[in-house]
Amino acid sequence: MRTLFANGWVVTMDEHGAEHPHGWVLVEDGVILSVGAGAEPDGATDAERVDLGGSVVTPGLVNTHHHLCQTLTRARAEEADLFTWLRELYPLWARLDAEAEYAAARTGLAELALSGCSTVFDHHYVFPRGRDGLVEAEVQAARELGVRIVASRGSMDLGVSEGGLPPDDLVENLDAILADTELLHAQLHERGPGARVQIAVAPCSPFSVTGLLMEESAALARRLGLPLHTHLAETVEEEEYCRELYGCTPVEYLDRLGWLADDVWCAHCVHLSTADIGRFAETGTGVAHCPTSNLRLGAGVAPIRDLLDAGCRVGLGVDGSASNERSDLGTEVKQALLVARGRGGPDAMTAREALRLATRGGSAVLGRDDIGVLEPGRQADLAIWAVDGLELGGAEDLVAGLVLSGPHRVDRLVVGGDVVVRGGALVHADEAEIARAHRAQAGRFTP
Ligand SMILES: [Zn+2]
């Protein structure tokens, strides 16, 4: 089964940054066969032909940090720093069960799909005792909507009585966490190109996890060949906390635990020294940049230009919907450009560099070489953007126009050759029904 996506402005995000303003993408069995411009390829004669009418085609976007469950608790603790915000939200999150998680995941994943995102990493770390099936609920939601998910078995084992931030009744036992991680890996993790469901190991943060669990998590992940993720250097309060408890900065702490490595990516990384950036580059440690969330919580702006110049892997994340109420990755592309320029001047980031973070950058951060780029052999994950609306009139450079006038609802989203969004609407689910079911569940999470 072959499909030719013809007459598009194809933004490949390959290593040379090739673009084809009059281009095409030929797909067979969910995989890209060839990409080019001008005359249509030989193999296209018996293919189904989809005329894109000049739309911009990018790789499906890749989200590298989220907490889908937080769609249930939006717009709370509106003027709080991270620690105050967390203390207000932990007791509400303690009410989470599989039914609520499913409704939350469907909402966040639907929003992301409609923003052109084909692969979603979710950092789930809230596991109230006795509530099973939370990760499974997210995976089910992703399968139904048709997007790829990298779901994490996150964790917290450092409660307030031991000097941590979360309440004691929301932390778990180390052995139970590791056993459940191993079980989820056995049940859900797919290997190889085109994987639709993967598992990552993701203890929550230096202020909610013991050093022992960090080390044991890394050992387990490395034994199973799973990627590692955590929050790091998000706020000045976190740095103070680490200095007090561990006698060093958050990055030094992670380094000590063997956590700076090329199978690790960290969310936020707002407060990094020049030496920290050097260690990230030396070790291949990746970064999930979440600019809207960092602004929403007043945490600061991450030094992304410096990280990119040092050669670090950087992707974008919407972060959880309690600290960025909108799960729209296109918004983060524009926001990444704006905050980089706010910090470093007008040439600190181009529109294409910002888009690169959300595509090629995201796949590199997740350790995947099968998505994030439009080139032969990669998965046919395509985001197709209409360019005939009000907001792109007058834009000759449609790629820059798309980034600078964002966010946009994607016209069509293709995941592994399957159409997931068509005409700006979900193909496999009803958006209005998802919103209704979500509101019913969210009603259980009011203070
Ligand atoms: Zn987060």
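**View 1. His 67, a buried residue.** His 67 has a relative accessibility of 4%, so it counts as buried (under 20% relative accessible area, with exposed over 50% and partly exposed in between, using a 1.4 Å probe and protein chains only). The model here is predicted, so local features need pLDDT of at least 70 and side-chain atom pairs 80 or more, while totals for chains, interfaces and linings use all residues. Residues are numbered from 1 along each chain as its sequence is written, and side-chain values use heavy atoms, leaving out hydrogens and water.

**View 2. The zinc ion and its donors.** Here the zinc ion is held by NE2 atoms of His 65, His 67 and His 231 plus OD of Asp 319, at 2.1 to 2.6 Å. Donors are N, O and S atoms within 2.8 Å of the metal (3.2 Å for Na, K and Ca), and water is not among the atoms, so sites may look incomplete. The angles between the four donor atoms run from 87 to 176°, which makes the arrangement irregular.

View 3. Along the sequence, the zinc donors follow the spacing H-x1-H-x163-H-x87-D. His 67 lies in the loop between strand 6 (61-63) and helix 1 (82-93), and His 231 is in strand 10 (residues 228-232), so the pair links parts of the chain 164 residues apart. Helices (H or I, at least four residues) and strands (E, at least two) are DSSP runs numbered from the N terminus. His 231 is buried too, at 7% relative accessible area.

Notes. Tetrahedral: all angles 85-135°; square planar, octahedral: opposite > 155°, others 65-115°.
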